[in-house]
Amino acid sequence: MIDTGYGPRVPEIRSAIAGALHQSPRWLIDTHWHFDHTDGNSTFAEDQTTVVGHANCRARMSQDQFVPSLEWGVRSSPRSAWPVLTFNAAVSIDLGSQTLELIPQESAHTDGDVVVWLPSANVLVMGDLMTNGSYPVIDESSCGSLHGMIQAIERLLPFSRHASYHRRPRSAPDCSRFFRCGDPGRRAVR
Ligand SMILES: [Zn+2]
């Protein structure tokens, strides 16, 4: 499982997964610390799912956070929600039928972004490094930056198919269009 969604939707997500798998996911991978991606961590951890994430994701979940641009004041998450297995270099998980590649990014949306590459499905799950139909969201309080977002998209653009957290899966042309959204900001930065 990759991310657990926003709090009010967690029971619905849990029910859908239980109906499909008839068991709890073995692994839960957080793409970053934001609550709309991690609110369900404790629920799945109670079901014996192992929560995995960037070391900085755990660090931020363990402390109160404030995001000025979004006026978000976020209390620290309960310890049961924190990733118990953390990393800051690429990690592979062999599921038997397929392998997941967990690839931490340089600071971009936050300082704890992870993308998940599923080579057998040719899918890249990008968390909030990409949003569909809007400008990128950058959490400056977590060391995010426009420069970092552009660099991340430049690195990831060669992947042939993409999935975005917030809306429908994206294709490579969608990704190219999103990438061009950063051009005015990039020129301003330079
Ligand atoms: Zn986010």
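Analyst: Leu124 has 25 other C-beta atoms within 10 Å, so it counts as buried. The cut-offs are 20 or more other C-beta atoms within 10 Å for buried, 12 or fewer for exposed, and anything in between for partly exposed, with C-beta atoms placed from the backbone.

User: What kind of model is this, and how are residues numbered?

Analyst: This is a predicted model, in which local features need pLDDT of at least 70 and side-chain atom pairs count only at pLDDT 80 or more, while totals for chains, interfaces and linings use all residues. Residues are numbered from 1 along each chain as its sequence is written.

User: Ok, back to Leu124. Which strand is it found in?

Analyst: Leu124 belongs to strand β9, where strands (E, at least two residues) and helices (H or I, at least four) are DSSP runs numbered from the N terminus.

User: Which other strand is joined to β8?

Analyst: Strand β7 (residues 99–104) is joined to β8 (residues 114–118) by four bridges, with the two running antiparallel.

User: Switching topic: what is the strand order in the open sheet?

Analyst: The open sheet has three strands in the order β1-β2-β5, with parallel pairing. Its edge strands are β1 (27–29) and β5 (85–87), each of which pairs on one side only. Three bridges join β1 to β2, and three bridges also join β2 (residues 50–54) to β5.

User: Which residues are partners of Val52?

Analyst: Ile29 stands opposite Val52 of β2, and in β5 the bridge partner of Val52 is Leu85.

User: Is β2 mostly covered or mostly open?

Analyst: Strand β2 is mostly covered, since four of its five residues are buried. Thr50 is found in this strand too, but Thr50 counts as partly exposed because it has 16 C-beta neighbours inside 10 Å.

User: What does Thr50 touch?

Analyst: If you leave out residues up to four places away in sequence, Thr50 touches Arg26, Trp27, Leu28, Val84 and Leu85, where contact requires C-beta atoms, placed from the backbone, to lie within 7 Å. Thr50 and Pro83 are 33 residues apart in sequence, and their C-alpha atoms are 7.7 Å apart in space.

User: How many residues are in the largest nonpolar core?

Analyst: The largest nonpolar core has 28 residues, and those with the most contacts inside it are Ile29, Val115, Val116, Met126 and Leu129; such a core is a set of buried Ala, Val, Leu, Ile, Met, Phe, Trp, Tyr and Cys residues joined through C-beta atoms within 7 Å. Elements that give two or more residues to this core include β1, β2, β7, β8 and β9, as well as α3 (41–46), α4 (55–61) and α5 (146–156). The largest share, four residues, comes from α5.

User: Which residues is Val115 in contact with?

Analyst: Leaving aside its neighbours within four places in sequence, Val115 contacts Ile103, Gln105, Leu124, Val125, Met126, Gly127, Leu129 and Leu156.

User: Now helix α1: what number of its 12 residues is buried?

Analyst: The number buried among the 12 residues of α1 is zero, so this helix lies largely in the open. Just after α1, His22 takes a positive phi of about 60°.

Note on methods
Pairing = 2+ DSSP bridges. Contact = placed C-beta atoms within 7 Å.
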